[in-house]
Amino acid sequence: MSFGWLIWHNVWSKKVRSALTATAVAIGVMTVVVLGVVTDSLRTTAAGVLRVGAADFTVSQKGVNDILESALTEPLLDKVSHVEGVKSAIGVLLDTEKLDDAHPLVVEVGIKPEHLKPFGVQIADGRAFGATAENEVMVGIHLAQDLGLRAGDTVNVTGRKMTVVGVFNTGNTFGDSTIMFPLAPFQAYERQPGGLSLFFVKIDPGAKVAKVKTAVEDSSPLLVAISSLMEFGRADRSYQLITAADHAATVVAIAVGAIFVMNAMVLSLVERYREFGILRAIGWSRRRLIALVFGEAMIIAFVGAALGVGLGFVAIEVLQELPSLKGILKPTLESWVFGRALLTAVLVTALGALYPALRAAQLSPQEAMRRE
Amino acid sequence: MSSARTSTNQGESGVAISVEGVTKTFDGGMVKALDNLSLAIDAGEYVSVTGPSGCGKSTLMHLLAGLDRADSGRLEVSGEDLMRMRDPNGFRRNRVGLVFQMHNLLPHLDAKSNVMVPMLGTQRSRRERSARADELLEQVGLAEFAHRRPPQMSGGERQRVAIARALANDPAVLFADEPTGSLDSRSVERVLELIEELRKQRPVTIVMVTHDKAVANTADRIIYMVDGRVVDQPVGL
């Protein structure tokens with residue numbers, strides 16, 4: 001028998017107690033994992049527009065709640081185009097539309113046909129739309145496959161029957177799920193003549209992104225330049241709110257999980273007073289007793305983490321099927337999910353086991369052994 | 001078995017336990033459990049401590065075993081000054097062995113694991129711990145019970161496992177607090193025979209607290225206690 005074996009044996013020999021504690025940990029882990037995956041998915045969806053455009057950075061209106069609500073103008077685009085270090089700046093107008101229940105949030109992009117290539121758009125089928133064609137659209141390849149559309153088909157969008165003149169590929173999941181319109185008719189439809197939402201900026205070879213971004217922001221107090229997802233919150237308040245909500249919910253989940261675990265471990269402590277007293281009486285140090293309780297807690301943490309991740313996956317699958325989230329929630333399960341689950345389980349369990357472990361270590365052997 | 005006596009002569013091999021003027025109170029001094037108590041026990045001696053309920057014999061044993069601290073006086077066990085002891089855990093683990101009235105085995109561990117528990121945290125390797133537990137279970141006549149858990153054993157068998165556990169780290173002194181108190185007469189006899197056998201096999205000092213006059217009489221010497229003091233003659237027994 002080794003110390004490690006004793007830890008394992010103590011957990012295994014009290015299956016019901018261990019299972020209940022692991023379940024408490026699993027619920028905390030599941031909550032954190034689901035919240036993390038869902039909010040990450042929402043963030044990725046919200047910030048997906050940044051990944052389109054093959055640009056060095058994107059320029060948006062400062063202080064908007066949703067980047068899709070950014071309101072810029074063609075004169076501002078012209079101004080940005082002339083900032084030192086800027087090679088080119090493409091302006092697009094954005095909106096969203098519900099096509100059907102499976103596609104409740106399709107992004108529409110108004111763009112000049114001559115900007116399609118520099119924007120990273122490649123025609124996979126058909127041709128590009130005309131600059132002033134009011135009834136012509138191009139559909140991203142993912143959306144086209146989803147809807148079963150090919151060049152020459154028609155689609156009901158913006159309340160009108162439009163001809164799909166081309167299917168395009170951007171190499172970006174978000175971009176390939178959009179519908180593109182010629183800019184001028186789209187501005188007219190949106191009743192925003194000269195209006196734009198975002199600028200996609202490429203810089204001169206040798207220029208520094210950070211320096212050019214600063215110069216662009218300095219050119220107008222209305223502008224904010226973003227070059228990474230990390231910076232997305234600077235432009236999009238919703239993104240900040242999603243992130244804040246995620247952090248707050250994580251803290252609450254960890255606190256609630258820790259209380260559940262502490263409750264289970266305190267009950268177990270009372271049940272094991274005599275055992276701890278015996279161990280102290282035969283010469284076990286306080287440190288060894290704390291190590292025993294924490295060792296048992298860590299095994300429960302790992303089991304709880306595994307169980308929590310499993311439950312989390314099931315919960316995410318269920319959430320994806322909810323009508324209100326269908327098409328919006330597109331979770332990706334990455335390695336950080338497992339890291340976060342493990343960290344949560346260890347935190348929850350360590351916090352929950354701390355008081356019982358310290359209490360066990362403080363027990364007087366005689367007092368503990370007198371208890372039945 | 002040795003006959004009982006009441007002298008306080010020291011053995012040739014030196015003093016194992018020395019208690020001088022020890023006082024222990026509880027409830028903020030309201031209850032005086034030990035009152036300026038003094039005694040000496042030789043190394044290798046088998047001593048029983050007896051007296052009426054509440055006379056302080058268990059308190060004395062707890063102090064000697066390092067489970068509690070005296071208010072005043074001097075206690076020395078196996079060369080360790082208990083009033084200045086820095087590592088009571090190490091003392092309990094390595095210098096003394098404890099046997100309780102209720103065997104106090106861990107019910108979810110088998111006999112062999114129970115014997116090995118005190119050896120965790122010592123320098124012994126896993127193999128050495130296992131061999132030592134086998135050896136001790138053999139000595140107490142329970143080799144074939146190594147993988148039985150306490151609920152699967154009789155009271156006498158459990159107490160023999162508890163004795164094996166107390167001897168795990170080869171202590172200089174074995175303290176037994178009413179070790180036969182919850183056993184039937186056949187088991188009492190078997191435990192006492194075992195103690196006698198152990199004394200022949202190893203130089204261990206044994207201090208046994210007991211109510212039972214017949215059990216007390218198996219010791220080399222009987223220490224009578226009344227009201228927290230050592231007395232020459234039994235009172236109220």
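A:Phe3 has a relative accessibility of 21%, so this residue counts as partly exposed; the cut-off for buried is under 20%. The model is predicted. A search over all chains of the structure turns up 4 aromatic pairs, and A:Phe3 takes part in one of them, with A:Trp284 as its partner.

**The pair A:Phe3 and A:Trp284**

- The rings of A:Phe3 and A:Trp284 are tilted, with 55 degrees between the planes and 5.9 Å centre to centre.
- A:Phe3 belongs to helix α1 (residues 3-13) of chain A, while A:Trp284 sits in the loop between α9 (273-281) and α10 (286-321), so the pair ties together parts that are 281 residues apart in sequence.
- A:Trp284 has a relative accessible area of 1% and is buried, whereas A:Phe3 is partly exposed.

**The pair A:Phe181 and A:Phe186**

- Another aromatic pair joins A:Phe181 and A:Phe186, and this one is stacked.

**Charges over rings**

- A:Arg288 lies over the face of A:Trp284, 5.8 Å from the ring centre; A:Trp284 is also the partner of A:Phe3 in the tilted pair.
- A:Lys15 lies over the face of A:Trp12, at 4.8 Å from the ring centre.

Notes. Residues numbered from 1 in each chain as written. Chains lettered and ligands numbered in written order. Predicted model: local features only at pLDDT ≥ 70, side-chain atom pairs only at ≥ 80, totals over all residues. Heavy atoms only, no water. Phe/Tyr/Trp six-rings, centres within 6.5 Å; stacked < 30°, edge-to-face > 60°. Helix = DSSP H or I, 4+ residues; strand = E, 2+ residues; numbered from the N terminus. Buried < 20%, exposed > 50% of the residue type's maximum accessible area, 1.4 Å probe, protein only. Lys NZ or Arg CZ within 6 Å of the ring centre and 35° of its normal.
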